[in-house]
Amino acid sequence: MTEVDVFISNYPLVDPEIFQLWVEGHTASEAVAVLNDKGLGIETGATLELIASDVLDHYRTYSLLEKLLSNPNKLQEQLAFQIDPQTRLWLIEKYYEFDDEVIRELLGKKLSSKNRKDLDEVAEKTGKSLKSCRRQFDNVKRVFKTVEEMPGSIIENIKSLFYLPDELAKKYACIVFLACIRFETSKKKLQYLSFNSWKKCCEAIMEQWTYKITGPEYYDTEMDKEFLLELRELKILLDREKDHKHLVCLYLKPKLLQKNFIDLDCNFRLYTRAILTLATALHRSRDMKNLFIDLAQILDYFKQNNWSIHDFELFLQAYNQCAVEIDVIRTDATLKSSWEKFMRVLSRCLLVMY
């Protein structure tokens, strides 16, 4: 009788390339074809059948791991798979990574079962597999449902509960924030904005306009209501429009292209009223929800008059600085602080969106 030595181990082998193909939603046969096209058989001397057998073995392991990856705490605590800490974190990170173009399509949509069934359109539009789109949808929904009502920092909550690295946690935090405030993101005039643009705008708002106090009642997804109410007082700048215009024009005359300076002189009232109307209405939930639509409208005024982004940035700087020089703003510390916080976000968002 032939003796056979058998060794059984519960230390799973993780092949980064095969795992990435699995995460991207490729079938086992597709993964075999990709690896073969890359020359794996020539490089290793393995037959196509051996490569297929290896891929299937990996895919079976990853399918078993998926239940744990959907709950990273369980993956950290379980004993069925002996995986070193560094590999565990790598698996979680790769499983929760997403394609910006897929998430852009999901922004503004309810994370419902109906929308999950309709991901075929997202897959077709983005060129990503349906399986990958569903994984990304489920991950976003899972993170959102877990942290939406938790007090404290969204980013820190995501990092501690899902073991995600800082940059990925920040991206998920922006998705959660957009959903909690219910910003309008799907209107036609906003379709050109990439996910990265939304992320930059959200980070500015979260940094400047949300509560920055600590304690059990602190929610990172809540706007600073006192700050938003204070913005109503900025209507006083409408009464000082002539002074404001004079200072801005004086500051910009030597810096702007002549055609832009002439436009500013003619249309300053239109521009300043659009900005101040936005500021004084943000305390209302409806107006906050439509923030980016209003920002797009402000941009349209300047784009229609062919302002370059350079001159537009100069205008925003001058508009901000000159308002602070007007006595009604300069002598009121609270109003000055609110104005500067408002303008930091306004300028950031408008320049990102330009």
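Predicted model: local features only at pLDDT ≥ 70, side-chain atom pairs only at ≥ 80, totals over all residues.

Me: Why is the pair Trp-307 and Phe-315 called edge-to-face?

Reply: Two values decide it. The ring centres are 6.1 Å apart, and the cut-off for a pair is 6.5 Å. The planes stand at 70°, and over 60 counts as edge-to-face.

Me: How do you know whether Trp-307 is buried or exposed?

Reply: Buried means under 20% relative accessible area. Trp-307 has 4%, so Trp-307 is buried.

Me: What lies over the face of Phe-227?

Reply: Lys-341 does, at 4.5 Å from the ring centre. The distance limit is 6 Å. Elsewhere, Arg-135 lies over the face of Tyr-95, at 5.9 Å from the ring centre. That value is also within 6 Å.

Me: What makes the contact of Lys-128 and Asp-99 a salt bridge?

Reply: The N to O distance is 3.8 Å. The rule asks for a side-chain nitrogen within 4 Å of a carboxyl oxygen, so the pair qualifies. The structure holds 21 salt bridges.

Me: Why does the pair of Lys-128 and Asp-99 tie together parts that are apart in sequence?

Reply: Look at where each residue lies. Lys-128 is in the loop between α9 and α10, and Asp-99 is in the loop between α6 and α7. The pair therefore ties together parts that are 29 residues apart in sequence.

Me: Which residue forms a salt bridge with Asp-100?

Reply: Lys-171 does, with the closest N and O atoms 3.1 Å apart. Lys-171 lies in helix α12 and Asp-100 in helix α7, so this pair ties together parts 71 residues apart in sequence.

Me: How do you know whether Lys-171 and Asp-100 are buried or partly exposed?

Reply: Set each value against the 20% limit. Lys-171 has 17%, so Lys-171 counts as buried. Asp-100 has 27%, so Asp-100 is partly exposed.

Me: What makes Arg-116 and Asp-138 a salt bridge?

Reply: Their N to O distance is 2.8 Å, and the limit is 4 Å. Arg-116 lies in helix α8 and Asp-138 in helix α10, so the pair ties together parts 22 residues apart in sequence. Salt bridges that share partners also join Glu-156, Lys-159, Asp-166 and Lys-170 into one network.

Methods: Residues numbered from 1 in each chain as written. Heavy atoms only, no water. Phe/Tyr/Trp six-rings, centres within 6.5 Å; stacked < 30°, edge-to-face > 60°. Buried < 20%, exposed > 50% of the residue type's maximum accessible area, 1.4 Å probe, protein only. Lys NZ or Arg CZ within 6 Å of the ring centre and 35° of its normal. Helix = DSSP H or I, 4+ residues; strand = E, 2+ residues; numbered from the N terminus.
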